[in-house]
Amino acid sequence: MIEFRMPSLGADMEAATLVEWVKKPGDRLKRGDVIAVVETQKGAIEIEVFNDGVLDEILTNIGEKVPVGRAIATIRGMDEALGPALRAAVPVAAPEKIAPVTAPPEEAARPPPETRVVQAQITPAARRRAQELGVDLAAVKPGLGGVVGLDQVEAARPVTKERPGILFDEMRNAIAAAMARSHREIPHYYVASTIDVSRLMDWLEAENSRRSVPARLICAVPLMRAAALALKETPELNGHYEEGRFEPAGRVNMGVAVAMRGGGLIAPAILEAEILDMDELMERLRDLVARVRGGRLRSSELSQGTVTFSNLGEETADSVLPLIYPPQVAIIGCGQIAERPWADHGAVVVRRTLTVSVAGDHRVSDGRRAAQFLTHFQQLLHNPEKL
Amino acid sequence: MTKPHTSKVHLSSRHAIELLGQMILIRRFEETCAELYGAEKIRGFLHLYIGEEANAVGVMQALTPDDAVVATYREHGHALARGLPVREVMAEMYGKASGSSRGRGGSMHIFDVNRRFYGGNAIVGGALPLAVGLALADKMQGRNRVTCCIFGEGAAAEGEFHESLNLAALWKLPVLFVCENNRYAMGTAIERSESVIDMCVHAQSYGIPAEAVDGMDVVAVEVAARRMAEEVRAGGGPRFLEDKTYRFRAHSMFDPELYRSKAEVEEWKKRDPIPRFARWLQDAGLLHEADVAVVEKDVARVIEEAVAFAEAAPWEPVEDLLRDVYTPRTDTAVRR
Amino acid sequence: MTLMRKITYREAVREALKEALERDERVFLMGEDVGRYGGAYACSKGLLQEFGEQRIRDTPLSESGFVGAGIGAALGGMRPVIEIMTVNFSLLALDQIVNNAATLRHMSGGQLSVPIVIRMATGAGRQLAAQHSHSLECWFAHIPGIKVLAPATVADARGMLWTAILDPDPVVIFEHATLYNEEGEVGAEGDLGVDIECAAVRRAGRDATIITYGGSLKKSLAATEQLASDGIDCEVIDLRALRPLDDKAIMASVVKTHRAVIVDEGWRSGSLSAEISARIMEQALYDLDAPVARVCSAEVPIPYPRHLEIAATPQPEAIVGAVRGVMRK
């Protein structure tokens, strides 16, 4: 018995639909007889048998779509004892899946190892990241293949060792020294503004009511966000003043004043605050506060701040006149948000308000710039949904 | 040599002067170009038409401004006979921005779309399919006009020659194929490159009616061209005209002409179409010797003015290098 | 939101042709066996009956002749769609494409435009051996004056043709031969007129960028499935246009992931992947965390036996290996 299979009629034929049986079971077949008609993408084609015999059984119905190689009928020989050599051509079994040989490059991309000077292979991205982080490449352990890549540099980021007590004593001394220096060296000027933050608070309350507790925003977050955005427009308030020169910073690394356990204030920076959205800011803030409490800050957070934000929020002071942390050139202080009398279109109403102060280094900026910052800051807070 | 057919052209004095004047213009233009090339004002390749003027002048007479002309790199004569301003052609030779093709093409790529002059094509045989396509567009859009495709006998060896003739005949396209048989494809004589040297036989093998004519006789060329163009216009499908002609100069400037004898060249110079025609016209009383002098003087003036124009014309600024690679789009939005 | 429906790539090409012929009477299809035979890949089946012999033109076997005629017809005001059966036969017409179509605008000083579309099948994968398996897209992408497209999805096969027809310059469209049977989604009314200049991000990812085109897209996507189960998240960019290349999209992705793997069915030497690699080096060197990797065809004429054809051409396993290589994992 021979299986008659759907033949391949073209290089890109994968299947065909049976539309007509020209012969029926019991019919005598001669080599070359048309046995059926199939429909392909190119049209209807007659298919022929290559053996003499008798059509035994039809295996496929009219209308069925059959892949190339599937048996569609059986043919019994005139002489059932016909040997295998005369059977209908069985399609070649699909060759074993042979793992393709990845052709090696004709020319080696690198010279053979023994001629190379043993030097670390540092990727361009790694080199740049190391520079950003202040990581010493010579000290970075190479990874797989002897390559120093981004992963290796990230892993080598300096982390301040965990020595809570001693570290914070040192830090408090440093802060004291810094504050003294600030008062001595930086000619401070102050500009303040009281802002109606009702819209902001309404929005924040509505927003937080929609969120689960862990995802809620504290009110410092939109203030910080607005401050970071506004600082982009007044670069004289964001940067370092050192050796008689002001270097405006391309990024806003916003120092956040956090109370330490045991008293004292520390202001580690949230790096690149201007590209973080409010959820990210909240996350960073939460993380920072936790690490301050746990005594695990990074040196870059302490040295790379470009401006500081001091929020007395929960305390009772209406406004604050803070000192700038050198070598920064400005500090933004927010008093508490409380209901106060407010004038609106000639009537006295009650609004939640906030007094914001900006201290600036008069060697770098003046009251006008600070006032511009405050105007912009205020405008941003009036459209909290756009923050 | 084929006998000239019975002339249907009314050879008035005016027409005679026109034919002669055009041939003289081409001759003097080409001679000037040779001189300028030697002075390095014209660079690259320069293929002169000297000796073959009767072909371009005669054939252009058969065409209307609405017909199309497709030619080769030896096309200065065809450009001038077609009516392209001499100054623009000369500026193009110089490569100046005021040239026919903004100076971008040079000697081998003179284009003027307003006069339906489609080059100026440097690949032997390469423009024949273009001519077929132009004629195809006309036929598909119901426009009755002729595409005149001029090429040398060297193109007959290229596959594109055969493909184009076949397509034109198969689809009955309005193409007038004009083969300027000057017997040499660069340095190879026709006998050494063609198994069948009769160009008409090639055309006829595709079923295209073909005729040969004395390409040194401007009137004969004009008569034959007019008749064939009319047949094409009448919807008879393509026609093939073989002009048997000769170039007196080398293939291009840098050619020591080792492939033909000086004696042969001298022999053909005796059949120079310009003095031949001038003599014939004088004998027929249509022209006086003084008239020729007037024509020469006019031509000299026109060419002098063209050279001055080209000399003074500006170069295209280098900043414009990348223009005209793609067509500027006025709208970037995809139209639906 | 339009309703989506599923059709094959070849049906998409046929629909696009039919719609173009209906929309603009200047459009006509010309090529070998496009009429009575219905198209070598059945892309024009039925069109002769519907639009007639003038607009669905069977040509003799004269690639140079009919491509040149198409160029001439475009000069004469038509909008021809020329079908060259495969890129393998386009070599006979290269003179017309490179010396005429690409240059006429420039040589004439801006007087002429050549609004022609040339479609051809390309690529290997059907055991058609050395003379019928070329991927020469890079040769065409090399030539200023033409535009080159590689629709890799059914939607692009449906939508790119009309934009190409409207373009006043020559556009060459490469249809990978293994894609004709592929099924994909198109809008209910078809995606008429998609842009032909931008690459598309077919899969967004963070760890590595795979840049590819045409028939290699589906192999690249298959590779990303396997890589994802190993925790490697790949971004896949489908170039869509090979000339001009969408540098902006390529660099935006490489700057994000820091690692690039280019999958190109052309032979490695002098391939389009070499050009893209050079551009990445020029524009994003300092963002790279590994050399750009390339998965290309092996330096051999494409062999006939299946296992050798597979070994000679880019496959998902090799793409996976290349991504692991740039990840150093």
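The side chains of B:R226 and B:E222 meet in a salt bridge, with 2.9 Å from N to O; a salt bridge here is a side-chain nitrogen of Lys or Arg within 4 Å of a carboxyl oxygen of Asp or Glu. This is a predicted model, in which local features need pLDDT of at least 70 and side-chain atom pairs count only at pLDDT 80 or more, while totals for chains, interfaces and linings use all residues. Side-chain values use heavy atoms, with hydrogens and water left out, residues are numbered from 1 along each chain as its sequence is written, and chains are lettered from A and ligands numbered from 1 in the order in which they are written.

## Salt bridges within chains

B:R226 and B:E222 are separated by about one helical turn because they are four residues apart in helix α8 (residues 218-233) of chain B. Helices (H or I, at least four residues) and strands (E, at least two) are DSSP runs, numbered from the N terminus. B:R226 is partly exposed, with a relative accessible area of 33%, whereas B:E222 is buried, at 0%. Buried means under 20% relative accessible area, exposed over 50%, and partly exposed in between (1.4 Å probe, protein chains only).

In chain B, a salt bridge also joins the side chains of B:D66 and B:R145, at 3.3 Å from N to O. B:D66 lies in the loop between α2 (53-60) and β1 (68-70) of chain B, and B:R145 in the loop between α5 and β4 (147-152), so the pair ties together parts that are 79 residues apart in sequence. B:D66 is partly exposed, with a relative accessible area of 43%, and B:R145 is buried, with 11%.

In chain C, the side chains of C:R240 and C:D156 form a salt bridge of 2.8 Å, N to O. This pair ties together parts that are 84 residues apart in sequence, because C:R240 lies in the loop between β11 (234-238) and β12 (241-243) and C:D156 lies in helix α8 (residues 154-166) of chain C. Both C:R240 and C:D156 are buried. They belong to a network of salt bridges that also links C:D195, C:R202 and C:D238.

| Salt bridge | N to O distance |
|---|---|
| B:R226 and B:E222 | 2.9 Å |
| B:D66 and B:R145 | 3.3 Å |
| C:R240 and C:D156 | 2.8 Å |
| B:D324 and C:R105 | 3.5 Å |

Over all chains, a search of the whole structure finds 76 salt bridges.

## Chain B against chain C

The contact (heavy atoms within 4.5 Å) takes 39 residues from chain B and 52 residues from chain C. The two chains bury about 3,700 Å² between them, 61% of it on carbon and sulfur atoms; buried area is the accessible area (1.4 Å probe) that two parts lose on being put together, summed over both. Two salt bridges are counted between chain B and chain C, including the one between B:D324 and C:R105. On the side of chain B that touches chain C, the elements giving two or more residues are β2 (111-112), α5 (128-140) and α6 (159-170) of chain B. The most comes from α5(B), with eight residues.

## Chain A

Chain A has eight helices and 21 strands. Of its 387 residues, 41% are buried.
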